[in-house]
Structures are given as C-alpha cells and as structure tokens.
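The sequence and the structure are shown first.

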Amino acid sequence: MRKFLIWKYKYISEQKFVYILSILVGLLAGLGTVVLKNMTHFIQELLEGKFIKEIHTTLYFVFPIIGLFIVYLLVKYVIKRKIHPGIPSTLFSISKRNGIIERYKIYASLITAPITVGFGGSVGLQGPAVTTGAALGSNVAQFFHMSTKTRMLLIGCASAGAMASMFKAPIAAIIFAVEIFSLDIAFASLIPLLLASVSAVVTSYFFLGTDVLLRFDLQDEFQIKDILFYVALGIGTGLASVYFSKIFFKINGFFDRFKSPIKKLIVGGVAIGFMLYFIPPLFGEGYGLINNLLIGDHAAAIGNVPFFDHLTENIWVIIVLLIGITLFKAIAMTTTFAAGGVGGIFIPTLVMGSVLGNAFAKIINNIGLDFHVSESNFTLIGMTGLMAGVLHAPLTAIFLIAEITGGYELFVPLMLVSAISFLFTRYFISHSIYTLELAKRGELKTHNKDKNVLMLLNIDKVLETNFISISPDMYLGEILHKAVAKSSRNNFPVINDKGEFLGVILLDDIRSIMFDEKLYNKVQVSQLMHSAPDTISYENDSMEAIMLKFKTSGAWNLPVIKKGKYYGFISKSRLLSAYRRKLIDA
C-alpha cells in the first residue's frame with residue numbers, strides 16, 4: 001500500500017484519483033443495493049410459495065415475529081453491535097466523527113434489512129442501501145488515506161449511488177446527496193457525484209436489466225383548472241407529514257419504556273401481525289400497492305381485506321380503506337423499527353403519499369362536483385408531498401417523481417405541492433425525522449458554514465486543564481504558595497472534596513492583599529471566591545451554545561462541568577483560534 005500511495009502521488013493528481021474513487025464507490029454502492037433487492041425478493045418468493053400462499057393471510061400473524069426474532073439473533077450473536085437508524089447514523093458520523101464510519105456497517109444492514117422487509121416488516125430498503133453505501137465510501141477513503149474533506153465527499157457519492165441504483169434516477173440521487181447530507185455544491189464535488197451516480201445506475205442495469213421499482217408512463221397532462229385541488233393536496237400532505245413525524249416519535253417513546261429487547265420484539269411483532277392481517281397492503285415495502293394504484297387497479301392494490309371482501313365494489317369503501325392504509329402505514333413502519341427491525345423510512349413515505357394522493361383524487365371524482373382529476377397524477381404528486389414534508393427534501397421529491405415518470409410535464413404541480421407541504425410541515429416540525437434528534441444535540445451539519453464549523457469543533461481540543469485548583473478552607477498564604485507561585489494562569493477554580501465546582505478566584509481578586517502578611521492566616525478562600533459568569537456542560541452544551549455563553553457573559557474563561565464535577569476551562573481566545581483554523585480548512 002505504501003508503494004502504491006507513493007506511485008499515486010507521483011503519477012496521479014489528487015483530483016483524478018478522487019474521480020476514480022467516486023466511480024469505485026458508486027459501483028460498490030450499486031452492488032450493495034442490488035444485493036439488498038435480490039435478497040429481499042428471494043425471501044418474499046419463499047414466503048409466497050404454493051403451500052404457504054393458501055394460508056398466507058393467517059401467517060401474517062407469524063411472519064413479522066419470525067423475521068424480528070431472526071434479526072435479533074443476528075444482531076446479538078453475529079454482528080454483536082447495535083444497528084442504529086441508517087441515515088441519522090450516517091449524518092452523525094459526518095457531523096461529529098469526521099466521516100469515520102465503522103466497517104461493520106457495510107454488512108450489518110445488508111444482512112438484517114432483507115429479513116425485516118422479506119418477513120413483512122413495513123419498512124423500506126432505501127435507508128439500509130444508503131447506510132451500506134456510506135460505510136463503503138468512508139472505508140474506501142480510509143483505506144487510501146484520503147483527507148477528511150474527500151472522505152465526506154465519497155460518503156455523499158456512495159449515498160447518491162445507492163439512491164440512483166435503487167430507483168434508476170441519477171439526477172434525483174445527486175440532489176438527494178446534496179439535500180440530505182448538506183454537501184457543498186461546487187464543480188469539484190459535482191463531478192464525483194455524477195460519476196458515482198452513473199456508475200451505480202449502470203451497475204443496476206447490468207444486474208437487474210431495465211426493470212424499475214416504479215414503472216409508469218405519464219398519461220394525463222397537467223390541467224390549470226386543477227390548480228386549487230393541488231393546493232389542497234399540498235395542505236393535505238403537509239398535515240399527513242406532521243402526523244407521520246409525530247406518530248414516529250410517540251411510538252418510539254412508548255417502546256423505549258421496555259428495557260428488554262425481547263419484550264419489544266414480542267409486543268411489536270404481535271402488533272405488526274394484527275395490522276398486516278387486517279390490512280394486508282402494509283406487508284413489506286409496498287411497491288406493488290403503488291404500481292397498482294398508478295395503473296388504476298385499486299382492487300389489486302388493496303387485495304383481500306378481511307370483512308370487506310363483499311364491499312370493495314363500493315368506491316367509498318375503497319376510499320375509507322385507502323385512508324386507513326395511509327394512517328396505519330406510519331404506525332406499522334414505526335412499530336417495525338421500535339421492535340428491532342432494520343429498514344428505512346424513505347419508501348414508506350412514498351407508499352403513504354401515493355395512497356393519500358389516490359384517495360384524494362377519488363374523493364374529488366366521486367363527491368358529486370362537475371370535476372374530474374387524474375388519479376394517477378395525484379398518486380404521483382401525493383408521493384412528492386409526503387417526501388417533501390417528512391424528509392424535508394422538496395427538491396429530491398420533485399426530481400425523483402419527474403424522473404420516474406420519464407418527463408417533466410407535471411413540474412408545476414410537483415413544485416407547488418412540494419413547496420406547500422414542506423412549508424406547512426416546517427412550521428410545525430423544524431427538522432425531519434432524520435435530523436430532529438441530531439439538531440436538538442447540536443450535531444447536525446447544515447448548509448450554514450458558520451454553524452458547521454462550530455459543530456465540527458471538538459470540546460476536548462479547546463479544553464484546558466492546567467489550572468491549579470484550591471479548596472474553600474485554604475488561607476491566603478496557602479493560595480500564594482501552593483497556587484499562585486506555581487501557576488502560569490490567572491484563574492483558580494475552587495473545588496470541594498467531592499470534586500464539585502464551587503466558584504473561582506482571579507489573581508485580580510487578591511492582588512491588593514497578596515503582599516499583606518498579616519492576612520495570610522486570616523483570610524480564607526471561601527471569603528474571596530465568587531461565582532463564575534457561567535458554566536459549560538461537557539455533556540449537553542454544543543459549540544454554538546458555548547459561543548453564545550461567552551457572548552452573553554462577556555467572560556474570557558468559563559469552567560467546564562462534566563458529570564457534576566469540575567473538568568477544566570475553555571478560554572474565548574483558544575476557542576476563536578480553533579474556529580478560525582477550522583474555517584480555513586472547511
């Protein structure tokens with residue numbers, strides 16, 4: 001490797017080598033996605049066998065528990081590490097770990113996601129595909145000793161490759177990488193993204209042919225008379241996006257009460273089994289449901305729903321069932337995650353949006369008004385609205401649906417619904433499901449360069465511990481001999497026997513009395529110390545919060561508290577110097 005790196009340094013420029021690596025990670029991400037798809041379809045075909053198919057509805061109770069139990073065994077005894085949610089985990093690695101992603105994440109989701117989805121888990125494969133691709137991109141960069149900036153870029157390239165391979169939509173894939181991972185749009189980064197996206201799509205075509213997950217040729221043109229209905233759809237998808245996000249966190253919060261993963265598995269597995277039994281379209285990812293709705297076959301989309309078989313000729317029963325699918329898709333997806341399943345939220349968002357859009361069009365067409373709208377168009381644009389709202393990725397939503405349809409005739413309603421849904425959801429929920437928890441902790445990378453620089457700073461890099469601490473019962477003479485005489489600092493933290501921070505003494509506080517020997521055995525620390533202008537929490541304060549504390553307090557040094565005990569100081573000068581260096585490198 002050393003010889004190769006020397007040869008590369010002599011004969012291949014850094015830029016050209018990045019282009020080569022972007023093609024490589026695109027190829028690997030494409031292969032990972034192909035493996036995910038094929039493994040999932042293989043498991044589903046096994047479960048759709050002739051014998052099983054005859055009693056398939058009954059087995060909906062059992063399949064999810066079996067799948068979740070297999071995943072639990074694999075995680076505990078094979079992988080032996082917790083599998084965190086895919087895209088949020090990748091975002092955390094970008095924000096706080098300089099793009100370092102553990103090697104086990106290359107195969108962890110690759111093994112567990114197909115089992116989760118194949119056995120009926122109501123989640124998608126897009127998140128695991130991106131996780132696998134991002135881990136590949138990070139580890140390829142580490143293997144060739146690339147810089148942090150290049151490592152970040154290759155993670156974006158691999159993520160774009162996974163998206164491009166999944167949907168055969170290379171343009172949407174590039175926008176996805178930029179929008180979700182907050183990559184800088186510059187020529188130097190755009191070319192690698194293009195190369196990765198194209199190489200991933202070519203890989204997908206090579207192994208899977210021309211088959212696509214969502215096959216649809218646009219049939220109906222956009223009609224300007226439908227514009228108000230699209231506005232209403234935008235508001236409806238915004239409401240659904242808020243519901244989707246709220247239910248996601250509420251169900252996860254409920255399952256967090258169970259400390260035992262087995263209890264989570266049983267409760268979640270049984271709940272999913274009930275939902276799948278009564279609403280079979282919730283089984284697995286749901287591409288069949290979307291495709292059937294796009295071609296207008298709502299009977300095939302809904303399937304055999306218990307107790308409703310003889311009522312499906314009534315269009316209002318169909319509409320009620322579609323609304324039920326919309327509501328319960330979010331519940332089934334979140335329950336799958338909370339019970340220990342591995343998957344993504346991207347495709348469930350598409351499913352929920354398509355069903356909502358289709359139901360919305362059916363209501364308009366059957367409510368008795370003298371209007372008729374295209375159900376297929378509303379199905380497509382419903383997907384855009386949910387993606388824009390839930391994922392906070394309006395551009396990805398627009399271009400993905402535009403590429404899927406093979407044309408841009410629907411660009412006006414796509415943009416309109418996407419913008420309304422995004423703004424409506426953003427008003428109630430400031431961040432997407434991917435980013436909300438990271439944003440709360442100040443660990444989210446955004447397109448704001450100043451905030452990104454602060455977030456990339458490590459508190460340990462600016463922490464100073466060479467301060468001599470003193471106890472509250474020490475006398476002035478002891479302070480001078482044991483602290484002032486031996487310290488090069490002007491701050492002396494006052495610490496009790498338990499290591500807790502009580503206050504601080506500055507050299508200026510004792511300057512006027514430090515040469516008065518009569519006071520050496522009379523004046524104690526407890527009489528001289530005062531509170532610090534503010535304190536920094538090692539565990540809770542982000543760099544942005546720390547900078548704000550310096551601004552509001554006017555202090556030049558602030559003490560750091562870790563686990564309730566004094567840990568050191570951070571100085572404003574050192575923090576600003578670190579900020580400037582990081583800003584130059586960014």
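Helices here are DSSP runs of H or I with at least four residues, strands are runs of E with at least two, and both are numbered from the N terminus. On that basis the protein chain has 28 helices and six strands. The model is a predicted one.

Of the 586 residues of the chain, 55% count as buried. Among contacts between residues at least 6 apart in sequence, 75% join residues at least 24 apart.

**Helix packing**

Two helix pairs are described here. In one, helix α2 (residues 14–47) packs against helix α8 (residues 126–143) at an angle of about 145°, and the axes are 9 Å apart. This crossing of α2 and α8 is right-handed. On the α2 side, the contact is formed by Leu21, Leu24, Val25, Leu28, Ala29, Thr33 and Leu36, while α8 contributes Pro128, Ala129, Gly133, Leu136, Gly137 and Val140. Sorted by class, the contact of α2 with α8 comprises 10 nonpolar and three polar residues, with no charged residues.

In the other pair, the axes of α12 and helix α20 (residues 411–428) come within 8 Å and cross at roughly 35°. The crossing of α12 and α20 is also described as right-handed. From α12, the contact draws on Ile227, Tyr230, Val231, Leu233, Gly234, Ile235, Thr237, Gly238, Leu239, Ser241 and Val242. Facing them from α20 are Pro413, Leu416, Val417, Ile420, Ser421, Phe424, Thr425 and Phe428. The contact of α12 with α20 holds 13 nonpolar and six polar residues, and no charged residues.

**The largest pocket**

The largest pocket has a volume of about 1,400 Å³. Its lining consists of 44 residues, of which Lys82, Ile83, His84, Pro85 and Phe337 lie nearest the centre of the pocket. Helices α5, α6 (86–96), α7, α8, α12 (227–255), α13 (261–278), α16 (315–338) and α21 (436–440) each supply at least two residues of this lining. The largest share, six residues, comes from α6. By class, the lining of the largest pocket has 22 nonpolar, 12 polar and 10 charged residues.

**Cavities**

Rolling a probe the size of a water molecule over the atoms shows where empty space is left. A search of the whole structure finds two cavities of 30 Å³ or more.

Which residues line the largest cavity? They are Lys82, Ile83, His84, Ser89, Tyr104, Lys105, Ala108, Ser109 and Thr131. Helix α7 (residues 105–118) provides the largest share of this lining, three residues. The lining of the largest cavity divides into three nonpolar, four polar and two charged residues.

The second largest cavity is lined by Pro64, Gly67, Leu68, Thr116, Phe119, Gly121, Ile272 and Thr336. Helix α5 (residues 63–79) gives the most to this lining, with three residues. The lining of the second largest cavity has four nonpolar, four polar and no charged residues.

**Exposed loop residues**

| Residue | Loop | Relative accessible area |
|---|---|---|
| Lys80 | between α5 and α6 | 61% |
| His145 | between α8 and α9 (148–167) | 58% |
| Lys518 | between α25 (507–510) and α26 (525–528) | 68% |

Why does Lys518 count as exposed? Its relative accessible area is 68%, and exposed means over 50%. The cut-off of over 50% is likewise passed by Lys80, at 61%, and by His145, at 58%.

Most residues other than glycine have a negative phi. Lys80, although not a glycine, has a positive phi of about 60°. His145 is not a glycine either, and has a positive phi of about 55°.

Lys518 is also described by its distance to another residue. Lys518 and Gly477 are 41 residues apart in sequence, and their C-alpha atoms are 9.6 Å apart in space.

Note on methods. Residues numbered from 1 in each chain as written. Predicted model: local features only at pLDDT ≥ 70, side-chain atom pairs only at ≥ 80, totals over all residues. Heavy atoms only, no water. Axes fitted to C-alpha atoms, helices over the stretch in contact; angles between N-to-C directions. Left-handed = near helix turned anticlockwise from the far one by under 90°. Contact = heavy atoms within 4.5 Å. Nonpolar A, V, L, I, M, F, W, Y, C, P; charged D, E, K, R; others polar. 1 Å grid on protein atoms, 1.4 Å probe; cavity = no way out; pocket = protein on both sides within 12 Å on 5 of 7 lines; lining within 4 Å. Points joined across faces, edges and corners; volume = space filled by probe spheres on them. Buried < 20%, exposed > 50% of the residue type's maximum accessible area, 1.4 Å probe, protein only.
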